[in-house]
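Please examine the sequence and the structure shown below. Questions and answers on selected features come after them.

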Amino acid sequence: MHNKSYFDEMHLSDASVRQVYANYQDWLKTIPAEQLESKRQEAEILFRRVGITFNVYGEDDGVERLIPFDVIPRLLSAKEWATLSKGAIQRVRALNMFLDDIYHQQEIIRAGIISEEILKHSQYRPEMFNVDVPQGIYAHIAGIDIVRTSEDQFYVLEDNLRTPSGVSYMIEDRKMMMRLFPELFRRYSIAPVEHYPQVLKNNLRAVAQPGIKDPTVVLLTPGAYNSAYFEHAFLAQQMGVELVEGQDLFVRNNAVYMRTTEGPKRVDVIYRRMDDEFIDPLAFNPDSMLGVPGLFSVYRNGGVTLANAVGTGVADDKSTYIRVPDMIRFYLGEEPILSNVPTYELSKPNDLSYVLAHLSELVVKEVQGSGGYGMLVGPTASKSELDAFKTRILANPSNYIAQPTLSLSTCPTLVEQGVAPRHVDLRPFVLSGDKVSLVPGGLCRVAMKEGSLVVNSSQGGGTKDTWVLQDKACEHNPSSTNPEVGVATC
């Protein structure tokens, strides 16, 4: 159970319990296994009733599936969270500065840190060159995927800057835990997450064009068939803003309007949950029925704010990811707080030959892949899978990067056999507006299968609530809470 090849977040190597879990373990000992299982079943019924599901593309039945929910929380101390959150904020600051730079002066290219090949990248939008966006913010909402390999070693696995999803699970998982285990919330001082929609709304209002006193925010969804539609509807409802589809909006006189029963209403900020290609058929994909004709022209002329900005995809590509530590040094003059996973660039001949020789030990990913698709996990692949992937790499080496198989940390998880360690990651959501901040928690994904390192929901992973424990000494002194990090760190 306590294999030393990975970091067990609950247990020390001698099987004793780490301080952060001590209180929880005392409680867990008093709970019969059947009671935990009945709580898990209750959660499943409630989640189905609320309709928290997602679509899995490519499955024959096309059914909406429930993501498995684990009733055992992941616990992080205030100190651990301080490191994570400061590192994630630093990263997003640098990424926003990078986006502003490559769409303006391109100093990082002139400095030789990033190749000008990036200007040919499929997600680079030349139409955005010299377009000023409010406050220079491109990624208003960023999901930073973080894994842990030891007590004090956190790695960033990837940056999600286009339309990062999963925050509804952070909020709903917390609501569920408070409903199922109210006694635990009396026993622990757990930093709240339910204010996320309000923080998001405030940040979106803050990036309206200057001079607008009471900006109107809407959430633009591709519609009910999108895999994250539940989240779109949930966030719009929680923020108290209209959920709109492309057909609900129209453009007139360099402004965007929403159709309402009282007549047209001007829209100032659009939180869009669809990719660049689909937002405006006149500017990008002429076949898109999802977008708003003329929207991009209004956006370029400063008549509306889009969050996230058009063209952010160039910064969350896996080949750009490699350069983020250099960006932090270049733009902020600081050393990165969070490390990147060591990464091989297959466009480099030396890296390519090393990776081909060690394919069975590495994880290989498509540069623009996501959701666990288009990747090879070498240690679990068969010989025929390795051979087939080698052929794909050789056909287009620059389309791939490779990384060592990280020993992701484990957390206690309720499985059929009882409570057992399972591998986890965490996606905190960094919000940029009048300031850069994040709510203490995130989407914690857990690989439900024993030994599996793939936590993606589309590949059978589940979710669990993440508890950031506040220092007891700070509880009665709200002024000691760092507003940027969102949790007491005194």
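Predicted model: local features only at pLDDT ≥ 70, side-chain atom pairs only at ≥ 80, totals over all residues.

Residues are numbered from 1 along each chain as its sequence is written, and side-chain values use heavy atoms, with hydrogens and water left out.

Q: How are α3 and α12 oriented to each other?
A: The axes of helix α3 (residues 78-102) and helix α12 (residues 324-332) come within 9 Å and cross at roughly 80°. Axes are lines fitted to C-alpha atoms, for helices over the stretch in contact, with angles from 0 to 180 degrees between N-to-C directions. Angles of 65 to 115 degrees count as roughly perpendicular. The two helices, α3 and α12, are therefore roughly perpendicular.

Q: Which are the edge strands of the open sheet of 4 strands?
A: The strand order is β14-β17-β15-β16, with antiparallel pairing; two strands pair if DSSP finds at least two bridges between them. Helices (H or I, at least four residues) and strands (E, at least two) are DSSP runs, numbered from the N terminus. Pairing on one side only marks the edge strands, β14 (344-345) and β16 (375-377).

Q: Is N253, with its positive phi, buried or exposed?
A: N253 has a phi of about 50° although it is not a glycine, and is found in the loop between β8 (249-252) and β9 (255-258). Buried means under 20% relative accessible area, exposed over 50% and partly exposed in between (1.4 Å probe, protein chains only). With a relative accessible area of 71%, N253 is therefore exposed.

How values were computed: Parallel < 35°, antiparallel > 145°, perpendicular 65-115°, else oblique.
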